[in-house]
Amino acid sequence: MIEAVIVIGALGIVFGVGLAYASRKLEVPVDPRVEKISELLPGGNCGACGFPACRILAEAMVEDHHLINNCKACDEESWLKICSILGIKFGKKKIALVACSYDSVDKFEYEGVKTCATAALIMGGFRACEYACLGFGDCVHACTFDAIERRGYKYFVDTRKCIGCGACMEACPRDLMRYIDADAKVLVRCNSLDKGKIVAKICEEGCIACKQCEKVCEREAIKVENNLAVIDYDLCNGCGLCIEACKRGTIVPIFPSKKAVVSNSEATRTEKKSD
Amino acid sequence: MGEELKRILGISIPLIIICVISGAALTASYDLTKGKIEMVEQERTNESLSIIFPGANFTEMNGYYIATVSGEEIGYAFIATGKGYGGTIKTMVGMYKNGTISRIHVVSQSETPGLGTMIAEPDFTSQFSGKPVEDVRLKQDGGVIDAITGATISSRAITDTVRERAEVVMNET
Amino acid sequence: MENLLVIAVGAIFVNNFVLSRFLGLCPFFGVSRKTSGAIGMGLAVIFVMTCASAITWPIYTYLLRPFNIEFMKIVIFILVIATFVQLIEMVIRRYKPDLYGVLGIYLPLITTNCAVMGVALLNVEEGYSFIGSVVNGFSAGIGFTLALLLMSGIRERLEFANVPKSFQDLPIAFVSAALLALAFMAFSGMRL
Amino acid sequence: MKLDELTKGVFKQNPIFYLMLGLCPVLAVSTRVDNALGMGLCVFFVLVGSNVIISLFKHWIPSQVRIPCFIVVIASFVTLVDLIMHGYAPELHERLGIYLPLIVVNCIILGRAEAFASRKSVFHSFLDGVGMSIGFTLGIVGIAICRETLSTGKIAIFDCTIVPTFTQSPSVMMTLPPGAFLTIAVIMAMIKYKDIRKEGR
């Protein structure tokens, strides 16, 4: 019964030497970070991240940092190590918020493909206001944390779940997503640069640049630049005077993100780390 | 060159050692279980042989068995294998010297459960007993065996494989 | 010398490796999100399955059977397949980087693919000749790719269907695989 | 910490329903509960054994030949199980058929070996192996119970008739491939539904 040992031993030698020799001769320069990241990833090639194998996710991650959250099976501390390898610094926690009240009337009936990206291409979108949200939820699909949800016509970002990876900002053809500090209190929910007269006609809650908010704000945190009120979040202390001053309800309070974060583990990672 | 060689050895030695260990371990365990596996195989064939010719003892010929009861040759037993609906069907067939089928017993099959598997039931296999080999055909193919409704493919498969194998054994003896 | 056509049609339609034999499901569901991915994976699988059958058959008949150590076939087959795939991946990455982009990235996935090892073992079990097993490997790969392309086509359209939240992504993929398997069952009645 | 290493394999990271690994044998063998149990036991033995051995030798195996070494270890365990089963449980061996040797390429085992055993300590890998295989066995037996009751109305191993109507008019489809895909789809959907409800949306 020694033949078995001889046969498998011989095969072992042939393959061992072959692979060793090949690993030198067929060497291909690879970004060392990719090597380290694919070590940290679970390596199960389960495909849940949308990539066929972990190595390919690692290579993609090096270029596009939004993908750090794609791996569902990756545990906490290797996730943190990957972020440090990619040099992602976690300063103040950022979140994204939808800056449109969706109240604009429609220009025409739109029956095309139900995605914002396509709707935006057809004659500047079916909404009267060309800056308005198209409401097909591309941002919802893009968000790997299900942090954006739709209530009625309006889209809301759940500040507890959003970790500010910015995937939704790319998905929105109107770039309505405002990338602001997590502890911001006030939001101007409009994105339109049209003159006040036009906005007043087509949308109930749009900003008509009446400058009331600017007058009432003691810290000059809010200014109207080309027909749209813009908040400088470093100055704003969230006193809320502008909210009452704005008669059209464009400026809205942001619900404070409660400390106890819901079960979504990805969000807890950032919460703990950035404090 | 020496350094390169060292590197290649460093990489391939562990693989070789693991291969050799696994080879040795498996040969050892194969020797242990070899006897048991043969015994199991033998048991299975004997058990199906005894169903065909109860109480006979068998001498192995190439590909079929000769059944002798108290010294006198009464018939042959052999395995017919063929492709059925779901996979291969193995049937143990007993045949008297004058060419009539004594009994058949389905050894293994993976037909559709509930439908194809009915070919192993006695009320189907008993049709074969006492039939001359030439008549072993489905009724619709001009024979005497009536197929199981809804499982014509399985029934035709088992009937044809039994007849073909029986004819082969017949002109061999 | 069995009829090659019988083997080929058998492996592609009658007992398709994925849909009726349940081999190779892990990559099947992992990669079938996009058709482009499916094509790359399909080509890689066809290539590896054909070579695997071509290599494992001689090893079995000239190495394992004479020494009657058939019980070692599991270890030796998988060792051969794993090393072969790793070598091929290195070669393609080194000499054909653009082909690597399409085909190469799926190669490490194939080592853990039940279909490749399945085809090698089935060649031995069915006792095919050398050409028979190569044809079986090749048509099994074609069958795998056929199922993969069908699946990825369906799943791409499922993205736009409004599937209930709990059925999204994978459960609905399994349901469509069930329907595909039902369709492929029609072939199994064929009398070859 | 030790305990959740064990339990994570059963619920949170159940190999079949969460990580979606090792589906080939699950769908093929879960037509009957005793087959499923047999397969679960084999996977248990192979997974635990290979996890322990691999984590023992993890620093010793160079990375260029990592996969071949792991695979030879796993294959030897599988051959061991194959031989033992052929000798001592022949008819279960017959029914498992080709899916027994295919445990080697089962995505769970190599997945766990590479992702876990080659990094963590021996005891962790042992626990993880046990947890994962229990999760796998629970999953496969669960599916087998559904499929067997639907297709034959009774569970052969405990031979208790659960749904008498199915014995007369069995839904044959459940034992065939489409049934397997459907069962796993429905179970996965239920789990996802539970998750969505739990997240309070």
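This is a predicted model: local features need pLDDT of at least 70, side-chain atom pairs count only at pLDDT 80 or more; totals for chains, interfaces and linings use all residues.
Biologist: How far apart are the end C-alpha atoms of helix H1 of chain A?

Modeller: Helix H1 of chain A covers residues 2-25, which makes 24 residues. The expected span is 1.5 Å times one less than the number of residues, so H1 of chain A should span 34 Å. The end C-alpha atoms agree with that, because they are apart by 34 Å.

Biologist: What is included in the cover over the buried residues of H1(A)?

Modeller: The buried residues of H1(A) include A:Ala4, A:Val7, A:Ile8, A:Leu11 and A:Phe15. Residues three or four places apart in an α-helix point the same way, because there are 3.6 residues a turn. The cover over the buried residues of H1(A) includes helix H1 (2-52) of chain B, helix H3 (35-64) and H4 of chain C, and helix H4 (66-88) of chain D.

Biologist: How many residues of chain B are in contact with chain A, and how do they divide by class?

Modeller: On the chain A side, 14 residues take part, and chain B also gives 14 residues. The side of chain B that touches chain A divides into 8 nonpolar, 4 polar and 2 charged.

Biologist: Over to chain C: how many helices does it have?

Modeller: Read along the sequence, chain C goes α-α-α-α-α-α-α-α-α. Of its 192 residues, 56% count as buried. Among contacts in chain C between residues at least 6 apart in sequence, 79% join residues at least 24 apart. There are 0 strands in chain C, and the number of helices is 9.

Biologist: How are H3(C) and H8(C) arranged, roughly parallel or antiparallel?

Modeller: Two packed helices are described by the angle between their axes and the distance between the axes. Here H3(C) and helix H8 (residues 130-158) of chain C pack with axes 8 Å apart, at an angle of about 165°. H3(C) passes H8(C) in a right-handed crossing. Angles over 145 degrees count as roughly antiparallel, so H3(C) and H8(C) are roughly antiparallel.

Biologist: Which residues does C:Met72 touch, leaving out those up to four places away in sequence?

Modeller: C:Met72 lies in the loop between H3 and H4 of chain C. Having 26 C-beta neighbours inside 10 Å, C:Met72 counts as buried, because the cut-off is 20 or more. Its C-alpha atom is 9.7 Å from that of C:Tyr60, 12 residues away along the chain. The residues that C:Met72 touches are A:Ala4, A:Ile8, B:Leu26 and C:Leu64.

Biologist: Which helix of chain C gives the largest share of the side that touches chain D?

Modeller: The contact takes 36 residues from chain C and 35 residues from chain D. The elements of chain C that give two or more residues to this side are helix H2 (25-31), helix H4 (73-95), helix H7 (114-126) and helix H9 (170-185). The largest share of the side of chain C is 9 residues, and they come from H9(C).

Biologist: By class, what does the side of chain C that touches chain D have?

Modeller: This is the side to which H9(C) gives 9 residues. By class, it has 26 nonpolar, 9 polar and 1 charged.

Biologist: Last one: how do H4(C) and H4(D) run, roughly parallel or antiparallel?

Modeller: H4(C) passes H4(D) in a right-handed crossing. The contact includes C:Ile74, C:Ile78 and C:Ala82 of H4(C), along with D:Ile67, D:Ile71 and D:Ala75 of H4(D). The residues of this contact divide into 11 nonpolar, 4 polar and 1 charged. The axes come within 8 Å and cross at roughly 160°, which makes H4(C) and H4(D) roughly antiparallel.

Notes: Residues are numbered from 1 along each chain as its sequence is written. Chains are lettered from A and ligands numbered from 1 in the order in which they are written. Two residues are in contact if their C-beta atoms, placed from the backbone, lie within 7 Å. Helices (H or I, at least four residues) and strands (E, at least two) are DSSP runs, numbered from the N terminus. Ala, Val, Leu, Ile, Met, Phe, Trp, Tyr, Cys and Pro count as nonpolar, Asp, Glu, Lys and Arg as charged, and the others, Gly among them, as polar. A residue is buried if 20 or more other C-beta atoms lie within 10 Å of its own, exposed if 12 or fewer, and partly exposed in between; C-beta atoms are placed from the backbone. Axes are lines fitted to C-alpha atoms, for helices over the stretch in contact, and angles run from 0 to 180 degrees between N-to-C directions. Angles under 35 degrees count as roughly parallel, over 145 as roughly antiparallel, 65 to 115 as roughly perpendicular and the rest as oblique. A crossing is left-handed if the near helix is turned anticlockwise from the far one by less than a right angle, and right-handed if clockwise.
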